[in-house]
Amino acid sequence: MSADAAQDIASATAPASLPVPVTGWGRTAPTAARLIRPGTYEEAVTAVRECGARGGIPRGLGRAYGDAAQNAGGAVLDMTGLDRVHAIDAAGGTVLCDAGISLHRLMEVLLPLGWFVPVTPGTRYVTVGGAIGADIHGKNHHVSGSFSRHVLSFELLTADGSIRTVSRGTPLFDATAGGMGLTGVILTATVQLLPVETSLMSVDTERATDLDDLMARLTATDHHYRYSVAWIDLLARGAATGRAVLTRGDHAPLDALPASTRRAPLEFQTRRLLAAPAFLPEGLLSRTTVGLFNELWYRRAPRARTGQLQRIPTFFHPLDGVPHWNRVYGRGGFVQYQFVVGHGQEDALRRIVRRISEHRCPSFLAVLKRFGEADPGWLSFPVPGWTLALDIPAGLPGLGALLDRLDEDVAEAGGRVYLAKDSRLRPELLAAMYPRLDDFRTLRAELDPRGVFVSDLARRLTL
Amino acid sequence: MKDAFGLPQSLLILGGTSEIALATARRLIARRTRTVWLAGRPSPALEESAEQLRGLGADVHTVAFDALDPDAHEAALGKVFAEGDVDMVLLAFGILGDQANDEREPAAAVRVAQTNYTGAVSAGLVSARALQTQGHGSLVVLSSVAGERARRANFIYGSSKAGLDAFAQGLGDALYGTGVHVMVVRPGFVRSKMTAGLPEAPLATTPEAVATAVELGLRRRSETVWVPGTLRVVMSALRHVPRGLFRRLPL
């Protein structure tokens, strides 16, 4: 047994672990909770039964940006100790696995067999449980929908300590998909996979000169690609407002590979660079540095290039190469803001982009994407339309008021913000953004009358 | 819960008629605060303060609280915490006293010390324990530059604030890592009814400026906030002035 494993077991079995500060990926608003890491289903059941007056919330790899996997004064159930693959149907392309397994591990296991995860976000370091709880989406949303569309069933540990098998098309499934862990702890899931011939991506890159050009290009040709996303320069002003680099592609077929790589077409290679140091000064990402970065990033991108072969991490998860990249924002942390507005609300999108650009938000990670059809999760984020996501240092003056303003624009346009990324939404706007909120609250009240499952997010927004 | 910018949704003010506290409440209500508890001795002024904040859209309750009655603090504040999480406690009560008079009447001087120091020790500890149980929250303590170095002109008040300041700093260290944040605010001369009629000191400020500094401090999770910020440098210099010279300074 490795020293790490021994330590894990020690911490999991410690009778009353002391509260430790917990934050989301954005490293804002820390609160203290007892971290419990179940190593078996029985331990998970016990943890839920004994989580005390201030309840508990499951947590995966902590990639939610805000306070979704925090529970002040209560218990946080670190589910990454339950991370086994139980069964793979290599012919039919399904996997039955523990919910604490990461998409990274799934890729390692599945790619050599010619299967890929159906949906991956911008990081592989999310768990299957978190992927369902936040009903995550990826660059293929316009084709494949969100993660829950590919989940056939899962086992849910509910507030009464029982384990239920939940299948698609049931209210409990739809409440849990996007339900931010508030219906219970997902223990296992059966996921439908995507067949691939190689582990490489065939990528087309092009530049868009401004926001309208970008939207036109995405609208005209998105359906030719399985994966599509645009990096957008939100510091560009004037005529260049919203200039962008589109990268779109699909899994490369075997015959697209050069002979040298064709011998091992399904090899999954990842590279990790040096981790970001623990202490970085604030203000490293200023308007000047980010402006410079954006300028270079835009200029460096080819005007048009087709069929470039890229590895999976390069195409999907560029930031995973730098462990703890969230530290570059310094101790003040950062806020991620992601919203969606429907098709036909392009004016709202333009207005919002203009506001962000006028406020000079130093955001080097802004992406715009077109969503396809929505999935039935009651609090699931994606709806057909335009989604924009950006990171902003939390210390930027006037940021709180700016984002409040954007919320109003978004709500007015019938759009919504993404709860997995939220750390500051005004609770009053939530019901307008999520029309099924009342159903969600009703189901929770029946399923969990004592409020065993609760998070800082749930308290802040009275979910 | 506080949001990413440290803005509280619920606020408990100890010393519910304090002008600085009310200015802070107004500012926070404009952003995120929905529930406000005003703790203080029952009085028309306390109710007026509550009414004023209700006008801004907050849900405001008053609660009977007397800094000079520490035995009752547990019960009075326990009632508030039992109603739900309190994201921020603003410890704002305090009296200036009348230095010349208080030097002649030790009983009056003791009242200043009991209100500003022992009352705050009791209320601070009661609040800190409740915040620690809920695993989050900010305890914002209104100290004063007067506590940084005792001055001939107001050392009774100054010594009480010095005690409070040291207590709050230590409490902040004790609570480090518990999810509870303690912030010591050291304003200079604040133009308010507490200082009405007194000669204005240099770098005088306003309750609104203190409120702004508190909001910024919450966002940064600061441990010490000077208002105005330049006082930090000024006081750091004054602290090292030799006694003989300091005595003679017109402060």
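In this predicted model, the buried residues of helix α6 of chain B are covered by elements of chain B that include α4 (99-104), α5, β5 (137-142) and β6 (180-187). The model as a whole scores ipTM 0.94 and pTM 0.94, and chain B has a mean pLDDT of 96, with 100% of its residues reaching 70 or more.

**Helix α6 of chain B**
- Helix α6 of chain B comprises 20 residues, 155-174, and its span of 28 Å from the first C-alpha to the last is close to the 28 Å expected at 1.5 Å a residue.
- The buried residues of α6(B) are B:Ile156, B:Tyr157, B:Gly158, B:Ser160, B:Lys161, B:Ala162, B:Leu164, B:Asp165, B:Ala168 and B:Leu171.

**Nonpolar cores**
- The largest nonpolar core holds 195 residues, and those with the most contacts inside it are B:Ile13, B:Leu14, B:Leu91 and B:Val185.
- Helix α5 of chain B, residues 106-134, gives the most to this core, contributing 9 residues.
- Leaving aside residues up to four places away in sequence, B:Ile13 touches B:Ala21, B:Ala25, B:Val36, B:Trp37, B:Leu38, B:Ala39, B:Leu90 and B:Ala92.
- Another core, of 7 residues, lies apart from the largest one and has among its members A:Val203, A:Ala252, A:Phe315 and A:Phe316.

**Contact between chains A and B**
- Across the interface, 24 residues of chain A are in contact with 17 residues of chain B.
- On the side of chain A that touches chain B, β1 (19-22), β2 (31-36) and α15 (456-461) of chain A each supply at least two residues.
- The residues on that side of chain A divide into 9 nonpolar, 10 polar and 5 charged.

Conventions:
Residues numbered from 1 in each chain as written. Chains lettered and ligands numbered in written order. Predicted model: local features only at pLDDT ≥ 70, side-chain atom pairs only at ≥ 80, totals over all residues. Contact = placed C-beta atoms within 7 Å. Helix = DSSP H or I, 4+ residues; strand = E, 2+ residues; numbered from the N terminus. Nonpolar A, V, L, I, M, F, W, Y, C, P; charged D, E, K, R; others polar. Core = buried A, V, L, I, M, F, W, Y, C linked by C-beta atoms within 7 Å. Buried ≥ 20, exposed ≤ 12 C-beta atoms within 10 Å, placed from the backbone. pLDDT = per-residue confidence, 0-100. Expected span 1.5 Å × (residues − 1).
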